[in-house]
Amino acid sequence: MANVDWSTGIDSVSGALSKPSKNGQHSCTKMLLGTHRVAPTESSECNKLYMRKKIKRSTPVTADELAIRARFTAVSRAVAARAKNMSTYQTDYAAFRAQKDSPGGRRTFKAYLWQVCGQAYDESNG
């Protein structure tokens, strides 16, 4: 196994360091993925690098997956629009603060907006 010495100021890496292109324009055919474990251990060796080959989907996209993708797209657009809407911001923020510390309450304003817009989408689309 290789040993990596990080440059000054770099403590760890995490996430995709290189990704294969979707349309084959670049020569990168594998994904290089770095992980950093934060759990307290006796070992200081907590960074790992993985190579992952590009994979092709073996099954067609189902109707349920398309519905889930459509819901995600619609809700994310609604959240973005609602967060910028100054006419409802004060009301939304007051409602967020009221539910924040209750059991099952959303801890961040964005999570609260996702919940509200998700419920609105579900009600309108059955």
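This is a predicted model: local features need pLDDT of at least 70, side-chain atom pairs count only at pLDDT 80 or more; totals for chains, interfaces and linings use all residues.

Q: Where is L49 placed, and why is L49 called partly exposed?
A: L49 belongs to strand β3, strands being DSSP runs of E with at least two residues and helices DSSP runs of H or I with at least four, both numbered from the N terminus. The relative accessibility of L49 is 43%. Buried means under 20% relative accessible area, exposed over 50%, and partly exposed in between, with a 1.4 Å probe and protein chains only. L49 therefore counts as partly exposed.

Q: What makes K110 exposed?
A: K110, a residue of helix α3, has a relative accessibility of 55% and therefore counts as exposed. K110 and A83 are 27 residues apart in sequence and 8.0 Å apart in space, C-alpha to C-alpha.

Q: Which elements does the protein have, and in what order do they run?
A: The protein has three helices and three strands. From the N terminus on, the order is β-β-β-α-α-α.

Q: How do you know that β1 and β2 pair?
A: Two strands pair if DSSP finds at least two bridges between them. Three bridges join β1 (residues 15-18) to β2 (residues 30-36), and the two strands run antiparallel. G15 stands opposite G34, and A16 stands opposite L33.

Q: How many bridges link β2 to β3, and what is the order of the strands in the sheet?
A: β2 and β3 (residues 47-53) are linked by seven bridges, in the antiparallel sense. One of the bridge pairs joins H36 to N47 in β3. The three strands form an open sheet in the order β1-β2-β3, with antiparallel pairing. β1 and β3 are the edge strands, each pairing on one side only. From one strand to the next, the twist averages 30°.

Q: Why is α1 called roughly perpendicular to α2?
A: α1 and α2 (residues 86-100) pack at an angle of about 95°, and their axes are 6 Å apart. Axes are lines fitted to C-alpha atoms, for helices over the stretch in contact, and angles run from 0 to 180 degrees between N-to-C directions. Angles under 35 degrees count as roughly parallel, over 145 as roughly antiparallel, 65 to 115 as roughly perpendicular and the rest as oblique. The pair α1 and α2 is therefore roughly perpendicular.

Q: Which residues of α1 and α2 meet?
A: R82, A83 and K84 in α1 meet M86, T88, Y89 and D92 in α2, where contact means heavy atoms within 4.5 Å. This contact comprises three nonpolar, one polar and three charged residues. Ala, Val, Leu, Ile, Met, Phe, Trp, Tyr, Cys and Pro count as nonpolar, Asp, Glu, Lys and Arg as charged, and the others, Gly among them, as polar.

Q: What makes α2 roughly perpendicular to α3?
A: The angle between α2 and α3 is about 105°, with axes 10 Å apart. α2 is therefore roughly perpendicular to α3. Y89, D92, Y93, A95, F96 and Q99 of α2 make the contact with F109, Y112 and L113 of α3. These residues divide into seven nonpolar, one polar and one charged.

Q: Which residues form the largest nonpolar core?
A: A nonpolar core is a set of buried Ala, Val, Leu, Ile, Met, Phe, Trp, Tyr and Cys residues joined through side-chain atoms within 4.5 Å. The largest has eight residues: V75, V79, F96, F109, Y112, L113, V116 and C117.

Conventions
Residues are numbered from 1 along each chain as its sequence is written. Side-chain values use heavy atoms; hydrogens and water are left out.
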